[in-house]
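This briefing goes through one protein model by topic. The sequence and structure come first, followed by notes on confidence, overall make-up and selected local features.

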Amino acid sequence: MTGNVAVGANGSPESLAAVRWAAREAALRAVALRIIHVQEWPVPPERLEHVAAWGSTREGPVPPERSRQYEELLQRAAGVAEQAEPGLAIVAEELVGEGLAHRALLAELETPGSVDLLVLGSQGLDSFTGFLVGTTSLPVAAASERPVVLVRSRETDSGAQGGHTAAETGRLVLGIDLRGDEDHEAVLGFGFAEAARRNSRLQILHAWTLPAMYAYAETADPGIGEELADQISRTLSRTVEPWQKRFPDVPVQAKAVVGAPGAELVYASPGADLLVVGRRKRPLPVGPRLGHVAHAVIHHAKCPVVVIPHT
């Protein structure tokens, strides 16, 4: 994936952290960075008092062409990006959302060639609570046709993300589900390409639990669990092998572990540069939603999380 990197900015510390992360990602990909601010319109009732200076008509407030407040917001975000990656090509622009900001971002993502990777900030509370996912980031991550990265403010400040030199080795964590007919191409393709781009090693995890039907069988034959574990490990190796051949320079550790997938990925996240998970595209009338594993890591992972949509 070599296309555009875009980042949503609203002036919060979390969005500025996302801008820093996105700037470094754009530099790694050798592409320009798009900084996008979405002006919600019509303005929600609770914010009407903040737009009195914008003017009004009999029908209500009139949206400005581009207010000084938002101009300064975009300039500040561009300054943060320039400081993170001097010389990076940066484009800052404002969109008008039809009611909700996430709708404007989703519409922008649906435009062919517009955005290949979108980075958003998510408000972090503490190590126990994890992400406080806002009204924009969660709907976008659940419905986007493009990969979406969620970043918290302390992640970039602590140096948990960013490009490594050839002499350094970072770590990317990737969760994969071997059950059913899951399509692993999009998730593995993103993970291997990103690890190669960053000169990082790739830690691939598949978490599983012994099916309930095996409980009584294991009592009679304690080795049945080991046989199932060996079978799962072989399946994981076969799934990853073609990508290892395609990216021979990426150090890979693929491991099947016993446990809840969301919890095991969260346990592996401290110190990682990025955690990669998939999200199945849901056709209507089910509608877009995040699976329980993606939901768990978005709320509790200790590193930026990228959600990859797949069939």
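Among the elements of the protein chain, strand E10 (residues 171–175) has the highest mean pLDDT, at 97, while strand E8 (residues 131–132) has the lowest, at 42. The model is predicted, and the protein chain averages a pLDDT of 79, with 71% of the residues scoring at least 70.

**Confidence**

- The pLDDT is below 50 over residues 50–60, a stretch with 14 contacts in the model beyond near neighbours in sequence.
- Residues 124–133 also have a pLDDT below 50, and this stretch has 31 contacts in the model beyond near neighbours in sequence.
- Where pLDDT is low, the predicted coordinates should not be read in detail.

**Overall make-up**

- The protein chain contains 10 helices and 14 strands.
- Of the 311 residues in the protein chain, 47% are buried.
- Among contacts in the protein chain with a separation of 6 or more, 78% are between residues 24 or more positions apart.
- The protein chain has an accessible surface of about 15,200 Å², and carbon and sulfur atoms account for 53% of this surface.

- The structure holds 3 aromatic pairs.
- One of them joins Phe192 and Trp243, which are stacked at 6.2 Å centre to centre with 20° between the planes.
- Phe192 belongs to helix H6 (residues 185–198) and Trp243 to helix H8 (residues 224–246), so this pair ties together parts that are 51 residues apart in sequence.
- Both Phe192 and Trp243 are buried; Trp243 counts as buried because its relative accessibility is 7%, against a cut-off of under 20%.
- Trp243 also forms a stacked pair with Phe247, at 6.4 Å centre to centre and with 15° between the planes.
- Phe192, Trp243 and Phe247 together form one aromatic cluster.
- Arg246 lies over the face of Trp243, 4.1 Å from the ring centre.

**Helix H9 and its cover**

- In helix H9 (residues 261–268), the buried residues are Gly262, Leu265, Val266 and Ala268.
- These buried residues fall within an arc of 165° when seen down the axis of H9, so they line one face of the helix.
- The cover over the buried residues of H9 includes strands E10, E11 (201–208) and E13 (274–280), along with helix H10 (292–300).
- E10 in this cover is the strand with the highest mean pLDDT among the elements of the protein chain.

**Leu106 in helix H3**

- Leu106 is located in helix H3 (residues 101–110).
- Leu106 counts as buried because its relative accessibility is 14%, and the cut-off is under 20%.
- Leaving aside neighbours within four places in sequence, Leu106 is in contact with Pro139, Val140, Ala143 and Ser144.
- Leu106 and Ser144 are 38 residues apart along the chain, and their C-alpha atoms are separated by 6.2 Å.

**Gln83 in helix H2**

- Gln83 is part of helix H2 (residues 68–84).
- The relative accessible area of Gln83 is 67%, so Gln83 is exposed; the cut-off for exposed is over 50%.
- Gln83 and Arg20 are 63 residues apart in sequence, with 8.4 Å from C-alpha to C-alpha.

**Loop residues with positive phi**

- Ala30 is not a glycine but has a positive phi of about 60°.
- The loop that holds Ala30 runs between helix H1 (13–29) and strand E2 (33–41).
- Ala30 is exposed, with a relative accessible area of 69%.
- Asn199, also not a glycine, has a positive phi of about 55°.
- The loop between H6 and E11 is where Asn199 is found; H6 also contains Phe192 of the aromatic cluster, and E11 is part of the cover over the buried residues of H9.
- Asn199 counts as partly exposed, at 38% relative accessibility.

Terms used:
Residues are numbered from 1 along each chain as its sequence is written. This is a predicted model: local features need pLDDT of at least 70, side-chain atom pairs count only at pLDDT 80 or more; totals for chains, interfaces and linings use all residues. Side-chain values use heavy atoms; hydrogens and water are left out. pLDDT is the predictor's confidence in each residue, from 0 to 100. Helices (H or I, at least four residues) and strands (E, at least two) are DSSP runs, numbered from the N terminus. Contact means heavy atoms within 4.5 Å. Buried means under 20% relative accessible area, exposed over 50%, partly exposed in between (1.4 Å probe, protein chains only). Rings of Phe, Tyr and Trp (its six-membered ring) pair if their centres lie within 6.5 Å; planes under 30 degrees apart count as stacked, over 60 as edge-to-face and the rest as tilted. A charge sits over a ring if NZ of Lys or CZ of Arg is within 6 Å of the ring centre and within 35 degrees of the ring normal. The arc is that of the directions from the helix axis to the C-beta atoms. Accessible areas come from the Shrake-Rupley method with a 1.4 Å probe; for residues, only the protein chains shown count as cover.
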